[in-house]
Every structure is written in C-alpha cells, then in structure tokens.
Amino acid sequence: MRIVVVQLLIAFVSVAMWAQHILPPIVPEVVLYASSGYAPLGDLSRVNINIYDARTADNEDILPFFDRYIDGLQKVHPSVLSNKHLPSHLIIVASTPAEVAQVVKSIGQYMSRIRYRGNIKTYLLYSGDAAELSSMSLTNIMAIFAPQAHCDHPFDLLTQALFGGIDIANHTEWLSLDGGRLSSVSQSKVRLGYGTPESVGMSTALLSSIDDIASKAISTGATPGCYVMVVKQGVVVWNKGYGHTSYKNDIEVDAHHLYDLASVSKVIGTLPIVMQLFDNNKLNETMELGSFLPHLNIDKQSISIEELLLHSSGLPAGIPHYQLCVDSTSFEPPLYSKKRKANYITQIDANVYINANAKLKPIFAPQRSEQFPVPITDHLFASDSLRNAILSYIDNVGMLKKTYRYSDLNFIYLQEVAEKITNKKLNELFDTYIARPLGIRRLLYTPLDKYNVSQMVPTEDDKYFRQTQLCGTVHDPTAALLGGVAGNAGLFGTANEVAKIAQMYLNKGTYGGVNLISADVVTKFTQRNLTSSRRGYGFDKPDRNGGGPVTPMASSESYGHSGFSGTYVWIDPKYDLIYIFLSNRIHPNVYNNKLTQNAVRSKVHEAVYNAIRENYTL
C-alpha cells in the first residue's frame, strides 16, 4: 500500500511539473469594439501617436508597453491639441466608467476647437469590463480595446492588442456599444507579442539555464554584460539583461541600452536595402560592379553582385587601417612587434604591439571644423579626403583567388551600389525604408546624433588610434574611417529592435501589416547558394560538417550572422524561432576572445532549443 501511495505521489508531482513547464497559462482574450472607419496601425512611419492617460490612480507606468512598438512616445494632455499639433492617433488609457465619461466630455470640448477633427483617430484602452460602458455615449471614440476577463497587467495585454501583437477574434454575439456604432471586430497578429515560454510550448525552467551561462561568462571575464532575447511563434518569451555595461561601473544592462552590432549590421542594415533593390528589379545577382561603378579597374568591374553576397569576389578580408592612417615618416620601421618591448608597449591585438613613435597623418584633428568634418570619435575628426582615400585603397587593392573569403569589402561595395542606384546614403535608406515603417527607433547609425552617451554600451578602450574609450562611436575601424556609416558595420541597437527585422525575415518579408520584401527574395537570400561554403546571400548558414557559427541543434533552414563585438542573431524557420545575443566582449580589450573560446553564444542557443517542448522530456 505504501508503495502505491509513493507511486501516486510521484505521478502527481510529475503531472504538476508537466503542467508548470508545458501547459500554457490562461490569458484573457481582448475584445475590440470598433466603428466602420477603424483601421489597424500599419506603416508606423505614417502615424503620429499621442497618449492621453486619463487614469486618476496611475499605479502602473504604461510607457514601457508602448516603447516595445514605438520607442519614445510621450503622454500628452488633449488640451494641447491644435491645428499645429494634430496627431494622427490619440490613444486614451482609462480604468473606470467615470474616467471614460470625463474623457468623452473633454475630447469633445478640445475637438471642437480643431477645424479638421476627423483627422484624429481616437482609440481607447480600457482595463475594466466593457459592459460597464454599454449605456454611455462614446462620441469621438473610434475603437475600444478591453480584456474579456480580469488580468494582472491589463495594459500590457491591451497595448499588444493595439499594435497587433496578439490575435483578436470577432464575437458577433457580444454586445455592441454606443447604440450599435461600435461592434466586435477581429484583428490579426502582425507584430511581436510578449508572453511566457509556456504560452508557445517552451519551458521557463529549462530556459533559466541561460542565467547560469550568462553569469559564468561575466564572472570569467568573457564580457561585462549581455542581453538575451528569444522569440518563438512571434512571441518574445525571454527578454533579459545580465551584468553591467562595463567592468568599472554599476550600470546594469537593460532593454534600452544600445549595443554596437558590428557585422550583424550587414544583415540587419545593408542586406534588407539590397533585397528591396532586387524586388524593384534595380539589382540582381548577375549584374556586375562595372555597371554601377565604371571607374573601377577591369579586375573589379567584372565582380558580380552574387560574388559580393557570397563573399567569393576575390577581395581581401579588410584594409590595413593603421598603415593607412599612420605617418610613415614619424617612426623607424617596423610598425608592429609580436612581443612587448621598448617602443612597443601598446597592445592592439593578440600578440601585436604598435610602435610608440608612430603618429597619425595630418588628416586628423581633435576638433570638428570645416576642414575636418568627419567624426571618428567625440574628439577625433578627419578630413573628407580620408573617406576618399579609404575607398580609393579598396578600389586599387590587389585581387586574390575567387574562392570563399569573408570580407568587409564586399559589403562596402554593396553599400556603394545601393547608394549609386538610389542617390541616397545608406543611413537614410535604412531609416526611411526599413526602420520607420516597422516602428524602429533604437536601431540606427551614428546614434550619438540622437541619444545620450549614457545609453550606449562601451566597446574597446582604444589606446592608440582613437586614444579613448569608445562608446557610441562605431568600433569597426573601416566603418569609423568612413564616418560611422558603412555597409559592413555601424548599426547600434537594442535586442527588441533587431527582433523586429528578424521577425520580418521569418514572416517572409512582412511585419506590422507592411510588406517590405517579397517572399521570393527572402527565400533566395536565406537558402544555401554556394557548394563550396555554407553561405546564403549575405546570411551565414549552419555548416554541413558540424561546427560553424551555430549549435548543431539549429535546422538546415536556419540563417543569421555574428558580430565581432560579441553580437549574434539567428533565425530558424523550422522552429519559428529567433535568438538574439548582444554583448560587448571587446570591452575593454579587443583581443579578449573568451566569449568565442568558451562558446558562450552557442551554449545559450543550445539552451533555447532544449527548452522547446518537442526537444525535451521530463
């Protein structure tokens, strides 16, 4: 009998564990009551949102919920509405019928002062029971989002519903509001949602092993901190910062810190622009560089766009930055030493020390001026001639055998081609055609133009070339010498913003109801395209023979990219999965390679796969 009782107890515990790890939590539905003129929020570059928080007991800050979709929105009282301040959308937040009644009265008064009142679409996020509003006049309110049942964080849920982060069903049997003007309508999920691992068949307990991996990486000096995001089935289920932005400060990593993405910029910044040019028939894989850059030598004119995308162009991996910037008359050669010794005390890489007498060419100055307009850091500026000199060097560099060789120069040429076709700079193209339609703000080039340095995560403490702690200016030397905007690097951003573009790829080119790239082009770029390497068009892919940049658990359909600064994004269509890892492993020393040596990013990635229901058993 005792044995039976023990067995039953074990069975009960097992079922409880199964329920805790696998069964999705019960999340109340959201009902949407809308008038005939209602339209979901689509292209976010076309909307101007104001938030009116009408709650009298403001116990929960709602702005972080909005920040996930458009960072930087502010609460605005409708009394400021005027013909000069006319948002496209006014989002009202309320919790009680009395607050809604006051809102309707106030909005009516304020709207009467505006000549074109019909231009403002007014949506209400209501945390109470919508039935409480059934007898009320709701003039000027076009749509109401309300939870079907009580939940602990209603405005988290309602904000997701507003932006299309969850599906909303049409319940024709439910009540209508305002005399039938507002009735239940459906709305599809078109953007990232935010929920628990269990809601998409993952295990929180197993994902928690990420905590131990990240903590060990930090304690062993692989990186001062990192940020990990996991998205499954379009739902952000792990969204967590670890450690600090620096070993020397106590600033904890949070969701708003901008990381230098390094080469992840290739697939997040440059590549979607190239893909759009493919879609518009302005570019294809067979076209050659000479068609766009006729000044090139004959050996480079024949490089195809496909060879650039596959890193099989024959271009060298990079440029000798120091040699191009150093005044050769300022020192006795050699420029480098493999050992620390007299006159070679400043380390610039693993087992590489630079001549202490070497000085920069007079094309640099410590202050910005008309003669030195190109920012390298906040106290180092270059003449326009530097960019021309760098591009000229690339144009004239000797070619190597046309085999797979990863090269930043390939993407610098892709940048030049895109800019030549469009007559616009890469940062402008990215902001206009990629970032703003998706609601992206904290993913950009030259971030100090918009954000304070305190919001940046530092990278290398450059003891020689830039002679400063880099923070908010791009680490990659080639991108830095080109003014911070380059095809190979230059983007700074948060995991949440990177996830939007990753989800767009996973959705075959659409996000938020906006179609940025055709499904055919996304497929073309993300499949393996070269028998001699694992690459797709611009994207990295799993290695057939094992190893490579990704855990063996990733499917052959998956694709992504890593960055020198310690960043990583990987997308797996088979599992409807996105994994993002951001870190500054090169702080303070660029030659710290513990993150790679200890396979930290791959271990976290493996933990993600282990937490998927079909991959684990209790």
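Start by selecting Arg 534, Arg 535, Asp 540 and Asp 543: a network of salt bridges links these residues. Keep in mind as you look that this is a predicted model.

Now zoom in on Asp 540 within that group. Its side chain meets that of Arg 534 in a salt bridge, at 2.6 Å from N to O. Asp 540 also forms a salt bridge with Arg 535, where the closest N and O atoms are 3.7 Å apart.

Arg 534, with a relative accessible area of 23%, is partly exposed.

For the next stop, select Asp 53 and Lys 75. They form a salt bridge, and their closest N and O atoms lie 3.2 Å apart. This pair links distant parts of the chain, 22 residues apart: Asp 53 sits in strand S2 (residues 49–53), while Lys 75 is in the loop between helix H2 (63–67) and strand S3 (89–94). Asp 53 is buried, at 16% relative accessible area, whereas Lys 75 is partly exposed, at 33%.

Zoom out to the whole structure, where a search finds 17 salt bridges. Finally, colour the chain by pLDDT: the mean is 91, and 93% of the residues reach 70 or more. Then select residues 1–23, where the pLDDT is below 50; this stretch has 15 contacts in the model beyond near neighbours in sequence.

Methods:
Residues numbered from 1 in each chain as written. Predicted model: local features only at pLDDT ≥ 70, side-chain atom pairs only at ≥ 80, totals over all residues. Heavy atoms only, no water. pLDDT = per-residue confidence, 0-100. Contact = heavy atoms within 4.5 Å. Salt bridge = Lys/Arg side-chain N within 4 Å of Asp/Glu carboxyl O. Helix = DSSP H or I, 4+ residues; strand = E, 2+ residues; numbered from the N terminus. Buried < 20%, exposed > 50% of the residue type's maximum accessible area, 1.4 Å probe, protein only.
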